[in-house]
Amino acid sequence: MFGGPAVISTISPIIRRSGSRPVFAELGDENFSPSAVEMKAVVLPISPAIMPSPVLLWRFKVCFLFFFWNSISWDSVMRMSADLRDLFLYEAFLYFNPLLLTTMMVWLWGVNLWVFDQSTVNYPKIFDLDQNHLTHREIWKSATWMTIIVPTSMTSYLYLYSHGEVSLAASQPVLLYAAVALILIFPFDIFYLSSRYYLLRTLWRIILPLQAITFSDFFLADILTSMSKVFSDLERSVCRMVHRQVATIAWFEADSVCGSHSIAIPLVLVLPYLFRLFQCLRQYNDTREKTALFNALKYSTAVPVIGISALKYHVLPDMWTKIYRPLWLLSSVMNSLYSFYWDVTRDWDLSGPSRIFKFKSPTFFSNLFSNSWVYFWAVGSNLILRCTWTYKLSAHLRHNYLTVFTIAILEMFRRFQWVFFRVENEWNKMTSHRQNPQIPMSDIPSEEDRLLGSTNHNV
């Protein structure tokens, strides 16, 4: 009883699998068999707890942040007196709208890359990118953090100022701009080092076009022309930070060093167009292609629009009404129509059906954009937005900051749809060798070689 080995039956509930039901049988049952018990001992899996998707949680957090920002901002603005409220909102809008517009452009660029990735357009080859280039998901990730950080800083500015913490409020835009600058030039291998330096190198080549103009150079320079208002407001913001005018009334005087009549405003507005103009002249010097001169003429038409507009604050009202205002209107019409013509006939290739929305795996979007109405919309909206864009280039109209901000958003959208057709046009040029099978892939010249040795490349 006590000395022999203990024998446990295979049907004992002691050795059953975890989560299974104990099985009992009568010893006298003639139909009893161990295999039958094995079949009856069904394992009942424990269902895991239902957890929400991480993506759903992230979206909930972002929505909660937006609700929190709106509540704090509204309460902060309502604390101010009515006569001070508009001036304060204009100042807060000036500091933060450049980064808000830049954030929007990053989001749209991610959408561009997503469409290119779904289609047959090889955008890494067009822009001469390496294998470590940012994908649309990484672009959207960066845009998400920008969407969180910029409104948070703006909300802090409104809250601190409305509660009497003026010095702390003034530090918010300063810290934000300093953080952005440090992230761009951070020398360590974090925050997408190779992509940041690729951007900085391209910007340096745009400022000093001392080498052959590549597709990336003039492509980014064209985007910068759509962001000229961003750079103008950026200059105004930095000026007030340097002169310690943030969250003060020192800048209310229009003729002050950082006032709305400053000559620096039109100078900064015209810089992107001058950069693009010098690129065209450099291209003509390399290729002797006359098309580059006509392209340079297009960018030169923006100079009178900006310059004549700035004269309103420096001439007599009668002279502005009788002489300079008609000249400003004439130059605006010329710039808008010339730019529209160049977009449709040169930058875009509408001679045949577009392949940009013919995705590898057909989806709702590919079927939607394959219709012909897309091209009528692109051409019509491009004409309208080219005309309204002139409003934003005019320094004497900048006091209508909400209207200007809306037009700036529309210009971002126009540039967003311009990117599709411009990149596809370049891809069609690069793949045109397929019509001549005698030319091997290795003999296809690079962008820089075509600029230096060919006369058929139009920028």
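Secondary structure, then: 17 helices and zero strands. Keep in mind that this is a predicted model.

Some totals for the protein. There are 459 residues, and 42% of them count as buried. The exposed surface comes to about 26,000 Å². Carbon and sulfur atoms supply 67% of that surface. Now contacts. Take those with a separation of 6 or more: residues 24 or more positions apart account for 71% of them.

Look at α7, residues 193–207, and α8, residues 215–226. Their axes come within 9 Å. They cross at roughly 85°. Angles of 65 to 115 degrees count as roughly perpendicular, so α7 is roughly perpendicular to α8.

Which residues of α7 and α8 make the contact? From α7, we have Y198, L199, T202, L203, R205 and I206. From α8, it's S216, D217, L220, A221 and L224. Sort the residues of this contact by type and you get seven nonpolar, two polar and two charged.

You'll find S339 in helix α13, which covers residues 317–347. Is S339 buried or exposed? Its relative accessibility is 5%. The cut-off for buried is under 20%, so S339 counts as buried. And what is S339 in contact with, leaving aside its neighbours within four places in sequence? The answer is K298 and R386.

To recap. The protein has 17 helices and zero strands. Helices α7 and α8 are roughly perpendicular. S339 of α13 is buried, and S339 is in contact with K298 and R386, neighbours within four places aside.

Conventions:
Residues are numbered from 1 along each chain as its sequence is written. This is a predicted model: local features need pLDDT of at least 70, side-chain atom pairs count only at pLDDT 80 or more; totals for chains, interfaces and linings use all residues. Side-chain values use heavy atoms; hydrogens and water are left out. Axes are lines fitted to C-alpha atoms, for helices over the stretch in contact, and angles run from 0 to 180 degrees between N-to-C directions. Helices (H or I, at least four residues) and strands (E, at least two) are DSSP runs, numbered from the N terminus. Angles under 35 degrees count as roughly parallel, over 145 as roughly antiparallel, 65 to 115 as roughly perpendicular and the rest as oblique. Contact means heavy atoms within 4.5 Å. Ala, Val, Leu, Ile, Met, Phe, Trp, Tyr, Cys and Pro count as nonpolar, Asp, Glu, Lys and Arg as charged, and the others, Gly among them, as polar. Buried means under 20% relative accessible area, exposed over 50%, partly exposed in between (1.4 Å probe, protein chains only). Accessible areas come from the Shrake-Rupley method with a 1.4 Å probe; for residues, only the protein chains shown count as cover.
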